[in-house]
Number of protein chains: 2
Amino acid sequence: MTETDIEISQNTPLLPIKQIAERIGLSATDIDPYGHTKAKIHLPVTVDRPTKQKLVLVTSINPTPAGEGKSTVTVGLGDALTRQGKRTIIALREPSLGPVMGLKGGATGGGHAQVVPMEDINLHFTGDMHALTEAHDTLAALIDNHIQQGNELNLDPRQIVWKRVLDINDRELRNIVVGLGGRTSGEPRQDGFDITVASELMAVLCLSKDLPDLKHRVNQILIGYTYDRQPVYVRDLKVGGAITLLLKDALMPNLVQTLEHTPAIIHGGPFANIAHGCNSILATHTAMQLADYTVTEAGFGADLGGEKFMDITVPALGKTPDAVVVVATVRALKYNGGVAKGDLTQENVAALLKGAPNLERHVRGMQRYGVPVIVAINRFSSDTDSEISALLAYIQELGVTGYVTTVWADGGAGAIDLADAVVEATEESSQFVPLYNNQDSLTEKMTKIVTEIYGGQGVELSAKASRQLRTFAQNGWDNLPVCMAKTQYSLSDDPKLLGAPTGFTIHVREFAPRLGAGFIVALTGNVLTMPGLPKHPAALDMDIDETGKITGLF
Amino acid sequence: MTETDIEISQNTPLLPIKQIAERIGLSATDIDPYGHTKAKIHLPVTVDRPTKQKLVLVTSINPTPAGEGKSTVTVGLGDALTRQGKRTIIALREPSLGPVMGLKGGATGGGHAQVVPMEDINLHFTGDMHALTEAHDTLAALIDNHIQQGNELNLDPRQIVWKRVLDINDRELRNIVVGLGGRTSGEPRQDGFDITVASELMAVLCLSKDLPDLKHRVNQILIGYTYDRQPVYVRDLKVGGAITLLLKDALMPNLVQTLEHTPAIIHGGPFANIAHGCNSILATHTAMQLADYTVTEAGFGADLGGEKFMDITVPALGKTPDAVVVVATVRALKYNGGVAKGDLTQENVAALLKGAPNLERHVRGMQRYGVPVIVAINRFSSDTDSEISALLAYIQELGVTGYVTTVWADGGAGAIDLADAVVEATEESSQFVPLYNNQDSLTEKMTKIVTEIYGGQGVELSAKASRQLRTFAQNGWDNLPVCMAKTQYSLSDDPKLLGAPTGFTIHVREFAPRLGAGFIVALTGNVLTMPGLPKHPAALDMDIDETGKITGLF
């Protein structure tokens, strides 16, 4: 019988985290242990160690119900680089607990390519998500308390843009009325909860380069408007210090390991549909200070996470990727080619080739930035040799190289060719070409994203969105990058348009200024910022026995 | 200039937590470090070390705005015992972050009698509160999801008794309407948030003797009723395993130290007005396994925390206290004697003696249980010698001994006499006399509490409360202990009735069955389960500088 992810994780002996830290030049006083296999890294890292600082970005085609295994390939690639004698650190996002209780697994990789301890990372880990929830909702309470206690700032309760958050999939809290119960229990108004990873504070944490930058960004956050429509910021409330203080430990990157003991820094996890979808720049920066090869990941497909990595993360990080790996699977491309989920294990080369243009679009999008692009085929056991050959041939036609990886079954040994190719690619001289300039108008920025990355025709704004653009220009907010909030399932804003659609327009219904994070979110289609639980939540199958052994987590 | 609590804490070098653990016989593998000065203790503790297992309970008169310093005396007494060569561990509750952002300090003691690192303990500590919030609200989401997905259990949305929680003082969330937004966003219904420490899960965590007991108790929790008024429990939802799993780390007691390096176990912090107000029995039990003297504390006055320790905690703990210390201050007794808060620094022996019967009532209440009682006078610098002499004479009249302590200024050195007296008292042979039996009816239990502990005449039930009692009897819930939810400021249910009122009746407006915790809460007066923030919240004065140094926490 095949072991499950949690069984593989539980059955693999881990090295003490002190030993992992030592491997990358950190002493026991450079870290704060959290148990014996997790630690937070003290900032700033003062180790003076020359490194190559090669940065490898892993992204993928559009996710499908078939599964792509982007995190699994990221972990496997890191392990393969380690096996090839390269000093490597993996930088990943932290999982959100809400979806873990719902139906999702895999934020920690899978099979023999996992970051561990898998249970801890998937549950409370080192408390970063909880600190964000606490900080976010403390700010919300301080805003409502300000109104209740006299409202000196003249805040309009109907125009508060700072909602509340929980790290829980709870549709019941999406749309609520708060402040009922009379004079002593606040001012009645509409409100709602988002999931914590959708909090602007998550994006702020992930884009901050140090503690002062974090405080600066927190103070910049827009919380609402006055009755006469003037913007009000956290700094106006004078609570930027308190909110930052609640995030002081959360700002420190977390160190763990892979099943093969490659060091992994797991830190920050903004939603890639509503936010920028990359781990913290402090995680990536710390990894680059300590390793020759840093392998990091961008959430969902190259259209969402990849684009945002290039246009939002790179400027904050001050470093462009030296190579990009686009992960694809035969199954997912067949799904993009119209095969139903239940039929994916049947060989179907025609459907594979019909769906393959989705891969091409993502490869071209990444190549647009002037960086070397490699394709990794994450092979599933049901993939036939004909399918694999057909896909490899298709990739060769595109003028890029593709490598079959089997990291789920084989760990790092399943990605040796890919690792060698990645090392070689990072030695190529390349010139990063930004997609847009900050001086471009927001509409110009969006148009470039849609035409050059998504393969669409352009953007169309709702009346509200157009109105907002005029206000933003008045407020001087239009020189910020755009963060597209779009379905992850399609290159368009219609989740059902698979493959590589053309001729489509992206409809922007509303903008959300995220001035602390430093971007303007463009909301397209129906992007949910608070997921719900399914009919049979994963929680129903979870258990813990009297020895503390956990089952049902995946 | 006098140092503030946070400055004293920041300026005192701590010992590595591994060293503190070693002092009590725990090796590096018996603990999970959280940073270098905090740890969680692995359960069960397998150290086979003969100890005296003497248990000292510290409680106090009714709290007043004048301040009593119960935690400060608890810490100082522990340090004094250590100075006297006694192997001592202090067991305390964990502070709640909500009030820390509001106006409260002092859950970690004060001056030179503090548990440290004070900032960490007052902020996220080891994440226990956050784990409770997550577990509580995950359960809430699972309940609403059950209703949304077909409601197989026939749950009546109007009769859900499981609210939501946050560890934040947020009056705006007290009374809310959830589930708005149409068919896909849940079922509209009334709901509300309590503060996390008021969650039944907190009481459950604190009364569980091990992981299986925790899971058993979680499964027993009442979540609501069906349309035909049948009770529905967590076990019916089949999510007891998932909720317990979220609490697995939170169940492990936390080890820290005092400024004088006495080991302190800080774990669990249920509200003493709504719940039972004592640290976890695992904390106390672990301390007793490792030390000869365990000093623990019961929240608010002897009428609330003290009574609940004796009637709720003791049966779960399986151990009765060997001595009880009742903390009083000259200031608080003068306040009880009618002096306004602004005039407390002026000598006023007459008012002191007028308020002193409040102390007598608490002493008699504790003596009722057949255990030795000692009074500790926590001296403030404004107390005059005449006041102290008058109070000592009054205490002597009561037939008990009183000791002046100066632990705020002097640390353990300020409580040597008290420590010696406590050691002596614990050697007395005493026979614990329970206040009531489980077989007594709920009304008999409440009557005994009111007449024998509060000094009142009896209880009066609202129509609703009477109706509930009949249902509880039908459901077989009436053999549980009663947990009185009463104002902490008075022995009666009227916060303005100071001193030692007589002839009063306690009005029970409603009962709340807490079947996981194993008690029935009797709600009297206007007990708030979600506090609000004041006009000038403490958060406004907090800050963190670029080196991570915190100011404004107290």
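A:Pro117 sits in the loop between strand S6 (113–116) and helix H5 (118–122) of chain A. A cis peptide bond joins A:Val116 to A:Pro117, with omega at about 5°. Keep in mind that this is a predicted model.

**Backbone features in loops**

Chain B has a cis peptide bond to report as well. The bond joins B:Leu43 and B:Pro44, and omega is about -10°. Look for B:Pro44 in the loop between strand S2 (39–41) and strand S3 (54–60) of chain B.

Next come two residues with positive phi. A:Phe300 is not a glycine, yet its phi is about 55°. This residue belongs to the loop between strand S16 (293–297) and helix H12 (302–317) of chain A. B:Lys238 is not a glycine either, and its phi is about 65°. Its loop runs between helix H9 (234–237) and helix H10 (240–245) of chain B.

| Residue | Phi | Relative accessibility |
|---|---|---|
| A:Phe300 | about 55° | 24% |
| B:Lys238 | about 65° | 60% |

B:Lys238 has 60%, so it is exposed. A:Phe300 has 24%, so it counts as partly exposed.

**An enclosed helix**

Now turn to helix H7 of chain B, residues 200–207. Is this helix enclosed or open? Eight of its eight residues are buried, so the rest of the structure largely encloses it. The buried residues include B:Glu200, B:Met202, B:Cys206 and B:Leu207. B:Leu201 is also among them. The backbone nitrogen of B:Leu201 takes part in a cap at the N-terminal end of H7(B). The capping residue is B:Ser199, which places a side-chain oxygen 2.9 Å from that nitrogen.

**Cavities**

How many cavities of 30 Å³ or more does a search of the whole structure find? The search finds nine. The largest cavity holds about 380 Å³ of space. Its lining consists of 33 residues. Nearest its centre lie A:Tyr34, A:Thr126, A:Gly127, B:Thr126 and B:Gly127.

Which helices each supply at least two residues of this lining? Chain A contributes through helix H6 (128–148). Chain B contributes through helix H5 (118–122) and helix H6 (128–148).

Definitions and conventions:
Residues are numbered from 1 along each chain as its sequence is written. Chains are lettered from A and ligands numbered from 1 in the order in which they are written. This is a predicted model: local features need pLDDT of at least 70, side-chain atom pairs count only at pLDDT 80 or more; totals for chains, interfaces and linings use all residues. Side-chain values use heavy atoms; hydrogens and water are left out. On a 1 Å grid over the protein atoms alone, a cavity is a set of points where a 1.4 Å probe fits but cannot get out, and a pocket is an open set with protein on both sides within 12 Å along at least five of seven lines; lining residues have an atom within 4 Å of a point. Grid points are joined across faces, edges and corners, and a volume is the space filled by probe spheres set on the points. Helices (H or I, at least four residues) and strands (E, at least two) are DSSP runs, numbered from the N terminus. Buried means under 20% relative accessible area, exposed over 50%, partly exposed in between (1.4 Å probe, protein chains only). A polar contact is a pair of N or O atoms within 3.5 Å; within protein, one must be able to donate a hydrogen and the other to accept it, and residues adjacent in sequence count only if both atoms are side-chain atoms.
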